[in-house]
Amino acid sequence: MVAPLKVGLAGLGTVGASVVRLIGGEQLAARSGRKVEIVAVTARNKGKDRGVDLSGTRWIDDPVALASDPGIDVFVELMGGEGDPAKAAIGAALKAKKSVVTANKALLAKHGLALAELAERNGVALNFEAAVAGAIPIIKTLREGFAGNSFARIYGILNGTCNYILTRMEQEKLSFAECLKDAQRLGYAEADPTFDVEGYDTAQKLAILASIAFGTRVDSDSIYVEGISSIAPADLAAADELGYRIKLLGVAVKTESGIEQRVHPTMVPKDSAIAQVMGVTNAVTVDAEGIAPITLVGPGAGGLATASAVVADIGDIARGLRVAPFGRATDSLTVAGKAPMQLHEGGYYIRLLAVDKPGTAATIATRLAEQDISLESIVQRHIGPQGGSDAKTAAGPVPVILITYATTEDAVRRALDAVKADRVISGEPQLIRIEKNR
Ligand code: NAP
C-alpha cells in the first residue's frame with residue numbers, strides 16, 4: 001500500500017479553495033494510484049470562512065515554514081505575486097527536496113529559471129500547468145505531447161479580459177472604454193486594468209510557453225509588447241469587411257534572426273481556429289514542424305478551471321513523474337534575446353486619415369512603392385452628408401484602409417514616417433500586424 005501524498009497548500013483564495021474541493025474527489029486517487037491529502041494550509045486571514053472543509057488540516061502561519069514542514073511531501077503555492085512570500089516559500093520547499101506546484105506566472109516569468117535550477121539540483125518537480133491558459137493543458141502538450149517535434153510557431157489568446165473586450169467591441173460596435181467598464185463591472189478586469197489590456201499578462205505567459213517550445217531562457221522583458229487600448233470600432237469593422245478578426249495574440253516564432261517573441265493586437269483570418277475564440281476563452285495554436293496546426297481552446301481563468309490544472313500537476317507528482325520544468329535540462333536553455341521588431345516580416349493593416357486634397361493618394365502610393373510595399377487591398381471611405389459612408393463629399397479627411405502583402409516592419413515604419421512628413425494625413429496612422437494561417 002503506497003502512503004498518501006501529503007500536500008501543504010499556501011493560498012486559499014479563488015484557486016486555492018477550488019483545489020481543496022477538487023482534491024477531495026475520487027478521480028485523483030483513482031488515476032494516480034495514490035491517495036492525496038491536504039495536511040497543512042496557510043493564507044493571510046486564519047478566521048475567514050472559505051466555504052471549504054479544512055478540518056483535519058494544520059494551520060501554519062508562515063508560508064515559508066509550511067513549505068519546508070517535515071510533514072508535507074508537496075508544496076502548492078497559490079498566493080500569487082512575483083516576490084515573497086511566494087518566492088521564498090517555493091525556494092524553501094525545493095531546498096527541502098519537496099516538489100512544488102504553482103499557478104504563479106508572474107513569479108515564473110521573473111524567477112522561473114533560478115527556481116527550475118533549484119528544482120533540478122534537488123531532484124524534485126516544479127510544475128506550473130495552471131500558470132498559462134488555466135485549464136488548457138498547454139504546458140504538458142508542449143513539453144510531453146510534442147517531445148520529438150520542433151516548433152515553427154506558437155501563438156495564442158492568453159488573456160481573457162482582452163478577448164472579452166475585443167469580442168464585445170466587434171459584436172456590439174462599442175468603444176474600448178465602454179467594454180472595459182463592463183468587464184470591470186463583471187469582474188473580468190481589475191480596477192487598474194493596465195497589466196491586462198496593455199499586454200503584460202500575455203507577455204508573462206508567452207515567455208513561459210516560448211521557453212518550453214524553443215528551449216530558451218524564460219525572459220518576459222525581451223518580448224515586444226503592445227496592448228489593445230488603441231483599437232477602435234472602425235478597426236474591427238474594417239477587419240470584418242476584409243475577412244479578418246482582431247485578437248490580442250502572444251506569438252513566438254522561429255525566424256532567421258532568432259526566436260521572435262511579441263504581443264500585439266493581430267488580424268487573424270476569419271477561417272482560422274483562433275478567430276473563432278470569443279469572450280473570456282483562451283486558445284493556443286501549436287505549429288509543430290511537419291504537421292498541421294493544432295489549436296487548444298478552453299477556459300483560461302476561474303477557480304475550478306485553474307484548480308483542474310493544479311490538481312493534474314499534483315497527480316503527476318503522486319505518480320512519481322518528474323519532467324524538467326522547462327522541458328529540458330535548465331543549463332541547456334539558450335538566451336532568446338530581444339526580437340528585432342524592425343525585421344518582423346508579415347502583412348500589415350494600416351488605417352490613415354488622408355487629407356482630402358489633390359495628389360494625396362499618389363503621394364501615399366509613392367511612399368509605399370519606395371519601400372517596395374505592395375498592397376493587397378485598399379478601402380477608401382467617404383463620409384456622406386448624413387454621416388453614412390460611401391456617398392462622396394469634398395470636405396474633411398478621408399479614412400483609408402490599406403492591407404499590405406508581406407513586408408517588413410522597418411519598411412512600413414519608413415513609409416509612414418515619409419507620409420507624415422508629406423503632411424497628407426491627419427493624426428497618427430493605425431497599424432495592426434496580420435498573422436496568416438501557415
Ligand atoms: P486570490 O483569490 O487573491 O487568493 C490568494 C490567496 O493567497 C488568499 O487566500 C490569500 O489569503 C493568500 N495570500 C496572499 N498573500 C499572502 C501572504 N502574504 N501570506 C499568506 N497568504 C497569502 O488569488 P487567486 O485568484 O486564487 O490566484 C492565486 C494564484 O493563481 C496567482 O498566482 C494567480 O496568478 C494564479 N492564477 C489565478 C487564476 C484565476 O483565475 N484566479 C488563473 C490562473 C492563475 P486571504 O484569503 O486570507 O486573503
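In this predicted model, an N or O atom in the side chain of lysine 48 lies 3.3 Å from an oxygen atom of the ligand. The backbone takes part as well: a polar backbone atom of threonine 14 is 2.9 Å from a ligand oxygen, and for valine 15 a backbone N or O atom is found 2.8 Å from an oxygen atom of the ligand. On its own, the ligand would expose 900 Å², and the protein buries 77% of this area.

The shell comprises 22 residues, of which Leu12, Val15, Asn45, Arg50 and Gly302 come nearest.

Turning to the fold, an open sheet is built from six strands, which follow the order β3-β2-β1-β4-β5-β6 with parallel pairing. At the edges stand β3 (58-59) and β6 (126-127), each of which pairs on one side only. In general, the strands of a sheet pair through backbone hydrogen bonds, in either a parallel or an antiparallel manner. Here, β1 (residues 5-10) is joined to β2 (residues 36-42) by six bridges in the parallel sense. Within this pair of strands, valine 7 has isoleucine 38 of β2 as its bridge partner.

Technical notes: Residues are numbered from 1 along each chain as its sequence is written. This is a predicted model: local features need pLDDT of at least 70, side-chain atom pairs count only at pLDDT 80 or more; totals for chains, interfaces and linings use all residues. Side-chain values use heavy atoms; hydrogens and water are left out. Two strands pair if DSSP finds at least two bridges between them. Helices (H or I, at least four residues) and strands (E, at least two) are DSSP runs, numbered from the N terminus. A residue is near a molecule or strand if one of its heavy atoms lies within 4 Å of it. A polar contact is a pair of N or O atoms within 3.5 Å; within protein, one must be able to donate a hydrogen and the other to accept it, and residues adjacent in sequence count only if both atoms are side-chain atoms. Accessible areas come from the Shrake-Rupley method with a 1.4 Å probe; for residues, only the protein chains shown count as cover.
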